Amino acid sequence: MSATSSFVVGLDVGGTSMKGGLVSESGAVLLSERRPTPRADGPDAVVAAIRGFISHLAAAGDGVPAGVGLAVPGLVSADTALYATNLGWRDVPATAFTALDIPVMLGHDVRTGGLAESVLGAGRGIPDFLFLPIGTGIAGAMILHGEPYGGASGWGGEIGHIPVFPEGEQCACGQLGCLETYASAASVGRRYSLRAGLEGVRAEQVVSSDDPVAVEVWDEAVEALSVALATYTLLLDPTMIVLGGGLAEAGPALFDPVRTRLVKRLAFRDAPPLVPAALGVDAGMLGAALLGWRAAGRPELGSGWAVDVRPEPLVS
Ligand SMILES: [Zn+2]
């Protein structure tokens, strides 16, 4: 194998689409493509689609990939996708995802994005921080001592389901008053639409509106976020909090009021800085590529890479 054939496949598997790429030893993204996730066709069809996508990407490279990394939703260990409700998976071994005889490593989707932000992005050189993407849902990657932490059973980081308002609205998860119910982009759009008697209003429209109902809905989202971030800060004392996902594209309209409330909530200690994520929609794919290099026995790769950055669309 020539030096130029040294690359891995990184694949970020989402509920609606998959983002795959080839990433070289020096961090060059040689190719990146997106395909739909055929979720409606059932769990096995999604596994088969991933296998096909990986073979397609690998064939575009010069030689055989050194490894494959996959970021997948749900409960996951390095070698098994244990449980994913939205894809219907139970105990799918990593080897089922590729027809190629090369090392494979799996990672949890948000923690894999957090790994990328930690090694290549906003958290470069910061051992302890929270990566919180706010999109359709909310989940966090707790980076502790330089590595994403998944807890005893893999459920660590479900910050979207912290009950911020204990007697609050019912969440889709079955609990009451979860952060996600108030502050995800989907929830901001949904809650405003419901109160205003409209349909399909997007979070970005709510954030930029001076309609009193929109102001109220946004204020509740900000309040919910400040409660959750104060809780995280008091528990884990992060160096900083990295906000990402579509809603972070709202910029100062999100960061300024959340920062103000967080500072106000914390009486005896300073609030950690809130900073925007650096890798946008590519965080999952780049993190998956880092896992691919780990699978290939090259865990040291990544820290010297300079990567191109693209913003994330504001979705609701
Ligand atoms: Zn919940």
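User: What is the strand order in the open sheet of 5 strands, and what kind of pairing does the sheet have?

Analyst: The order is E11-E10-E9-E12-E13, and the pairing is mixed. The model is a predicted one, in which local features need pLDDT of at least 70 and side-chain atom pairs pLDDT 80 or more, while totals for chains, interfaces and linings use all residues. Residues are numbered from 1 along each chain as its sequence is written, and side-chain values use heavy atoms, without hydrogens and water.

User: What makes E11 and E13 the edge strands?

Analyst: Strand E11 (147-149) and strand E13 (274-276) each pair on one side only. Pairing here requires at least two bridges found by DSSP between two strands; strands themselves are DSSP runs (E, at least two residues), as helices are (H or I, at least four), numbered from the N terminus. The twist from one strand to the next averages 30 degrees.

User: How do you know that E9 and E12 pair?

Analyst: Strand E9 (residues 129-133) is joined to strand E12 (residues 240-244) by 5 bridges, and the two run parallel. Pro133 stands opposite Gly244 in E12.

User: Which helices lie across strands of the sheet?

Analyst: Helix H2 (residues 109-119) lies across E9, strand E10 (141-144) and E11, at about 125 degrees to E9. Helix H7 (residues 252-265) lies across E12 and E13, at about 160 degrees to E13. Angles run from 0 to 180 degrees between N-to-C directions, with axes fitted to C-alpha atoms, for helices over the stretch in contact.

User: Why are H6 and H7 called oblique to each other?

Analyst: Helix H6 (residues 212-236) packs on H7 at an angle of about 50 degrees, with the axes 9 Å apart. Angles under 35 degrees are roughly parallel, over 145 roughly antiparallel, 65 to 115 roughly perpendicular, and the rest oblique. H6 and H7 are therefore oblique.

User: Which residues of H4 and H6 make their contact?

Analyst: Helix H4 (residues 185-196) and H6 pack at about 145 degrees, with their axes 10 Å apart. Val188, Arg191, Tyr192 and Arg195 of H4 meet residues of H6 including Val213, Trp218 and Glu220; contact means heavy atoms within 4.5 Å.
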